[in-house]
Amino acid sequence: MSKVTHPGSASEAPARNAEHSFARQDSDQKTVVPVLRRVSRTLATLLRGSMEQISAAKVKVDAPEPEFTVYESWVGQQKDLVSLCTYQLAPMKGRILLKFDPAMISAMVDAFFGGAIREGTMVKKDFTQTDLRLIDRLAKILAGNIGIAWSEFGSFACHYAGHASSTDAVRIASPSARIVLQRYRLTFPDNIRFELEMLYPLDALHSVDQIVSSASEGDERSGDPVWRDKLAQAVVDVHLPARSVLARPTLTLPQLAELKVGDIIPIPPARNLPLLIGERVFARGSLGEQNGLAAFKIEHIEKG
């Protein structure tokens with residue numbers, strides 16, 4: 001990587017072959033913004049599908065233009081309680097950060113357990129265990145979404161690295177380091193809005209400049225972004241039938257022939273019931289009740 005110089009400084013040398021490099025500060029707008037614009041467009045589509053699946057409500061996701069700022073400045077704007085998920089996006093060096101609004105977490109928890117998305121009125125002092133379980137679920141789902149969004153530019157793999165509830169507990173850059181902030185604005189029914197923030201250290205983006213620069217120039221291996229957007233949209237809109245089998249009683253032919261209205265077929269207490277997706281056992285659990293409705297509690301996810 002070449003040394004970063006600032007316009008007007010005595011040490012500034014004439015630019016040579018720097019048009020597609022992240023190394024020069026004056027080229028960041030030309031290289032970083034187009035890449036993140038394409039990533040955020042795909043990720044917004046994937047976010048919409050993931051959020052609708054958990055909340056059971058329609059949601060619109062918008063991604064405004066990326067913003068350049070300093071890490072210390074961003075940290076100074078944060079509240080005492082925040083939800084910060086860190087990710088490793090290999091081969092990118094360092095880590096990236098995803099911030100959830102605590103009010104959104106409360107709303108998503110209510111929706112996940114059968115309620116409706118609504119704006120929070122109570123200021124949280126800490127996250128409950130239920131909040132943390134949902135955050136962990138969301139964070140792992142979005143890790144896959146982030147990896148898919150970046151795969152347009154190379155063999156990227158995104159891994160969820162952990163969660164923190166304050167900026168004191170996590171740091172992805174030095175205080176004076178430049179970062180790129182990408183916002184995602186979520187709009188639910190009744191115009192209820194929340195915002196996610198994703199932070200990329202600029203040095204981390206510099207570490208993969210060759211991969212991203214070649215894609216920005218239209219490398220044929222990157223594929224057609226329009227086709228990728230349509231594919232991502234099609235995937236998140238796929239609906240799969242889910243069903244469970246309460247019991248499988250066995251009757252003889254004479255017993256079957258003698259059945260009449262009002263007869264009762266005894267069913268033993270059911271445990272470890274299968275949850276079927278198509279014909280495949282996806283999980284096992286038990287039946288219960290929630291909000292006056294029959295409900296299935298997942299107790300084990302099948303592997304393989």
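Predicted model: local features only at pLDDT ≥ 70, side-chain atom pairs only at ≥ 80, totals over all residues.
Hi everyone. Let me start with a cut-off: I call a residue buried when its relative accessible area is under 20%, exposed when that area is over 50%, and partly exposed in between. By that rule E152 is buried, because its relative accessible area is 4%.

How many salt bridges does a search of the whole structure find? The count is eleven. Let me walk you through two others.

One is E67 with R183, where the closest N and O atoms are 2.7 Å apart. E67 lies in strand β2, residues 67–70, and R183 in strand β6, residues 178–188, so this pair ties together parts that are 116 residues apart in sequence. Are these two buried or exposed? R183 is buried at a relative accessible area of 15%, whereas E67 is partly exposed at 31%. Both also belong to a network of salt bridges, in which E67, K99, R183, R185, E195 and E197 are linked.

The other one is K140 with D136, whose side chains meet at 3.1 Å, N to O. These two are four residues apart in helix α4, which means that about one helical turn separates them. K140 counts as exposed, because its relative accessibility is 51%, and D136 is partly exposed at 28%.

While we are on helix α4, which spans residues 129–150, have a look at I141. With 27% relative accessibility, I141 counts as partly exposed. Leaving aside neighbours within four places in sequence, what does I141 touch? Its contacts are S50 and I54. I141 and M51 are 90 residues apart in sequence, and their C-alpha atoms are 9.8 Å apart in space.

Now for the interior. As background, nonpolar side chains in soluble globular proteins tend to be buried together. Here the largest nonpolar core has 52 residues, and those with the most contacts inside it are Y87, F100, M104, W150 and Y200. Which elements give two or more residues to this core? They are α1, β3 (83–90), β4 (96–100), α3 (102–112), α4, β6, β7 (192–201) and α5 (202–206). Take F100 as an example: beyond its neighbours within four places in sequence, F100 is in contact with S83, C85, I105, I135, L138, L142 and L196.

Let me finish on the outside. L251, L253, L256, L259 and I265 form a nonpolar patch on the surface, and together they have about 460 Å² of accessible area. Where does L259 sit? You will find L259 in the loop between α8 (253–258) and β9 (273–277). L259 counts as partly exposed, because its relative accessibility is 38%, which falls between the 20% and 50% limits.

Key
Residues numbered from 1 in each chain as written. Heavy atoms only, no water. Patch = residues over 30% accessible without salt bridge, like charges linked within 9 Å, V, L, I, M, F, W, Y side chains within 5 Å. Areas by Shrake-Rupley, 256 points an atom, 1.4 Å probe, with all protein chains shown as cover. Salt bridge = Lys/Arg side-chain N within 4 Å of Asp/Glu carboxyl O. Buried < 20%, exposed > 50% of the residue type's maximum accessible area, 1.4 Å probe, protein only. Contact = heavy atoms within 4.5 Å. Core = buried A, V, L, I, M, F, W, Y, C linked by side-chain atoms within 4.5 Å.
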